[in-house]
Amino acid sequence: MNAWLRQHGQAAGAALRRLGMLNTAVIGVALSLPTGGYALLENLRGVAGRFALDSDISVFLQPGAKRADADALGTTLRADRRIAKVRFIPRDQALKELTSVQGVPEVVAALGRNPLPDAFVVTPRGEDIGALARELAALPGVAHVQADAAWARRLAAMANIGRVAIWLLSALLGAGLVAVTFNTIRLEILTRRAEIEVSKLIGATDAFIRRPFYYLGLFQGAAGGILALGIVAAGLGLLNREVRALAQSYGSAFRLDFLGPLDALAVVVFAGLLGSLGAQLAVAQQLREIEPA
């Protein structure tokens, strides 16, 4: 066991000494594209997750509607079997919530009155929100009906499209990573051809000869993954300078977060495995052609 560990330690040390910085940089830059895109999509999903994606419908009453009119409309809505839940929002409560947004109190003060109407938030049971919204808009005393979740659903759909695009980009760049590692290991084998032939003459096993190249591919891919994480972290830091200013203008503390520990580890492991795959392909092809004379 000690001899086996010593051989692997020697092979790993030799691979680290031969690690090429240029190839690592190429891999890191290539991997930073899908990694950065994934980080941005995760932040976008976090933003969308803060808003309810329930198929709620907002029913706004006429500005001059009396409380008795609102009570009558509420009774009608609650009696509708297509509606699961009805919540009444008085105009004073709506104004209170709105004035918590930066800049709005000044606008309301300039108007001198509460411009908001009473409203109901309706949660339907079925999926045909459009038909229900049109019927609610025709009820007496209703001024406007709005399906609140429509924009959030569009945002979620766009995020799903972006996620598929990121996976496709990852597959293409992953194939490129394998190709870069394959070429690197192939050149390394050709450079050490004489050394390999001598090793075979003195009885070195195939496993002993292949081991340093496997480690080289693994370390090169993993190092590229670590570099990609560094590039993404730096990029998010630069973007957060502008995002912070934009968020503050809306009274928010939103910022772009870096990948979680498990996601970051997955990037490094994935890159290392792709590098190892490229090394195995190169070794399998090249060592068959090297035999001592």
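The model is a predicted one, in which local features need pLDDT of at least 70, side-chain atom pairs count only at pLDDT 80 or more, and totals for chains, interfaces and linings use all residues. Residues are numbered from 1 along each chain as its sequence is written, and side-chain values use heavy atoms, with hydrogens and water left out.

I placed Ile209 in helix 9, taking helices (H or I, at least four residues) and strands (E, at least two) as DSSP runs numbered from the N terminus. I then noted that Ile209 and Val283, 74 residues apart in sequence, have C-alpha atoms 9.4 Å apart in space.

Next I checked the length of helix 9, residues 206–249: its 44 residues should span 64 Å at 1.5 Å a residue, and the end C-alpha atoms are 64 Å apart, which agrees; the expected span is 1.5 Å times one less than the number of residues. I also recorded a kink of about 30° in helix 9, centred on Asn240, the bend being the angle between axes fitted to the seven residues ending at a residue and the seven starting there.

I turned to helix 8 (residues 193–201), whose axis comes within 10 Å of that of helix 9 and crosses it at roughly 150°; axes are lines fitted to C-alpha atoms, for helices over the stretch in contact, and angles run from 0 to 180 degrees between N-to-C directions. Helix 8 and helix 9 are therefore roughly antiparallel to each other, a label for angles over 145 degrees. In this pair, Ile196, Ser199 and Lys200 of helix 8 meet Asp206, Ile209 and Phe213 of helix 9, contact meaning heavy atoms within 4.5 Å.

I then looked at Thr181, which lies in helix 7 (residues 150–191) and is buried, with a relative accessible area of 0%. Leaving aside neighbours within four places in sequence, I found Thr181 in contact with Ile27, Gly217, Gln220, Gly275, Gly278 and Ala279.

For helix 6 (residues 129–137) I listed Ile129, Ala131, Leu132, Ala133 and Leu136 as buried, and these residues pack against strand 1 (57–61), helix 3 (67–79), strand 2 (83–89), strand 3 (119–124) and strand 4 (142–147).

Last, I noted for the protein 10 helices and four strands, with buried residues making up 37% of its 293 residues.

Notes
Parallel < 35°, antiparallel > 145°, perpendicular 65-115°, else oblique. Buried < 20%, exposed > 50% of the residue type's maximum accessible area, 1.4 Å probe, protein only.
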